Amino acid sequence: MQVKLARKRGFCFGVEDAIELAERALDDHRDGKLIALGPVIHNRQVVERLETAGLNQSGQLDQVSDGTTVLIRSHGAPPETFVEAETKQLPLVDATCVLVKRAQNIVRQLHEEGYQVVMIGDAEHPEVKGVIGYAPKVIVVDREEDLDAVLPRRGKLGVVAQTTHAPEHVGQMIGAIASRPFRELKVVNTLCLEVVRRQEAAVELCSEVDVMFVLGGLHSANTRELARLCKEEGMRTFHLETWEQFEPGMAAGCTVAGVTAGASTPDDIIQEFAKNLEAFTPSP
Ligand code: F3S
């Protein structure tokens, strides 16, 4: 079948940098004294590859033994992690994406300027868990229905968003916040343009194909968002990790398929998927 690739897809610079730092750290620590505080990125295949190369990614700081180097993943970590590592005199390799670092600094600055910080994002996402550590009592909110319960009336609010959230959703949330009584509202755009460009390219491709395949980790927020946006376009959409999960029925009756991938999906997975799909003949 005919396969069209999204013009912007796959690895972003933040993920590339994090993997490079992890690989370099592995080279420098052949004695095994290296531990990552959680999966370096949200992609099972990359995590397994690093694991096979000897990188332990299940690390909890309180269980790390003396002299072990600690790798902070691309999603970042709260300030206490850095303080604890320093107290224990553990060497650090910081693979936090520069845009996540920027969001952390903005949160700290907003608090210092006297704003009640509000973060639009998924409270369970590791990036959000890290960012909110940079100011006390940050309010995390992701649904308009929750605003009344969590926002102070007539507050001086400083708003940021999870870097990988969709601009449309963030815009709606900001509109909803602004429609409530507030004293002052300051919004700082912390969205990642890499993500936005992948989202625009995916939506654009939806108008040219019969079915969309979105490749990437099932826990990857930006990949899930890509799949959600394609579905919102009314497109038949499948979120898969690799070609192994493809089933013939997914492309039945289709002639042109679109393929895109989240910011943590390696190019070899995308290319293998596209090659196999091109060689596939769907049933009518
Ligand atoms: Fe950073 Fe954006 Fe990638 S926040 S890790 S460049 S998706």
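Trainee: In this predicted model, how much space lies in the second largest pocket?

Mentor: The model is predicted, not an experimental result. The second largest pocket is lined by 13 residues, and those closest to its centre are Leu 37, Arg 73, Gly 76, Pro 78 and Pro 126. The space in this pocket is about 210 Å³.

Trainee: What gives the most to the lining of the largest pocket?

Mentor: About 340 Å³ of space lies in the largest pocket. Its lining has 16 residues, with Asp 122, His 165, Ala 221, Arg 224 and Glu 225 nearest the centre. Four residues of the lining come from the element that gives the most, and that element is α9.

Trainee: Why are α8 and α9 described as roughly parallel to each other?

Mentor: Helix α8 covers residues 193-206 and helix α9 covers residues 221-232. Their axes come within 9 Å and cross at roughly 30 degrees. Angles under 35 degrees count as roughly parallel. The two helices are therefore roughly parallel.

Trainee: Which residues of α9 meet α8?

Mentor: The crossing of α8 past α9 is right-handed. On the α8 side, the contact uses Val 195, Arg 198, Gln 199, Ala 202, Val 203 and Cys 206. The contact residues divide into seven nonpolar, two polar and two charged. On the α9 side, they are Asn 222, Glu 225, Leu 226, Leu 229 and Cys 230.

Trainee: Are α1 and α2 roughly parallel or roughly perpendicular to each other?

Mentor: Helix α2 covers residues 44-52, and its axis lies 11 Å from that of α1. The angle between α1 and α2 is about 10 degrees. Because angles under 35 degrees count as roughly parallel, α1 and α2 are roughly parallel.

Trainee: How many charged residues are in the contact of α1 with α2?

Mentor: From α1 come Ile 19, Ala 22, Glu 23 and Leu 26, which meet Val 46, Arg 49 and Leu 50 of α2. Glu and Arg count as charged. The contact has five nonpolar residues and no polar ones, and its charged residues number two.

Trainee: Which element gives the largest share of the lining of the largest cavity?

Mentor: The structure holds one cavity of 30 Å³ or more, and about 300 Å³ of space lies in the largest cavity. Its lining has 23 residues, with Cys 12, Val 15, His 75, Thr 164 and Asn 222 nearest the centre. The elements that give two or more residues to this lining are α1, α4, α8 and α9. The largest share is three residues, and it comes from α1.

How values were computed. Residues are numbered from 1 along each chain as its sequence is written. This is a predicted model: local features need pLDDT of at least 70, side-chain atom pairs count only at pLDDT 80 or more; totals for chains, interfaces and linings use all residues. Side-chain values use heavy atoms; hydrogens and water are left out. Axes are lines fitted to C-alpha atoms, for helices over the stretch in contact, and angles run from 0 to 180 degrees between N-to-C directions. Angles under 35 degrees count as roughly parallel, over 145 as roughly antiparallel, 65 to 115 as roughly perpendicular and the rest as oblique. A crossing is left-handed if the near helix is turned anticlockwise from the far one by less than a right angle, and right-handed if clockwise. Contact means heavy atoms within 4.5 Å. On a 1 Å grid over the protein atoms alone, a cavity is a set of points where a 1.4 Å probe fits but cannot get out, and a pocket is an open set with protein on both sides within 12 Å along at least five of seven lines; lining residues have an atom within 4 Å of a point. Grid points are joined across faces, edges and corners, and a volume is the space filled by probe spheres set on the points.
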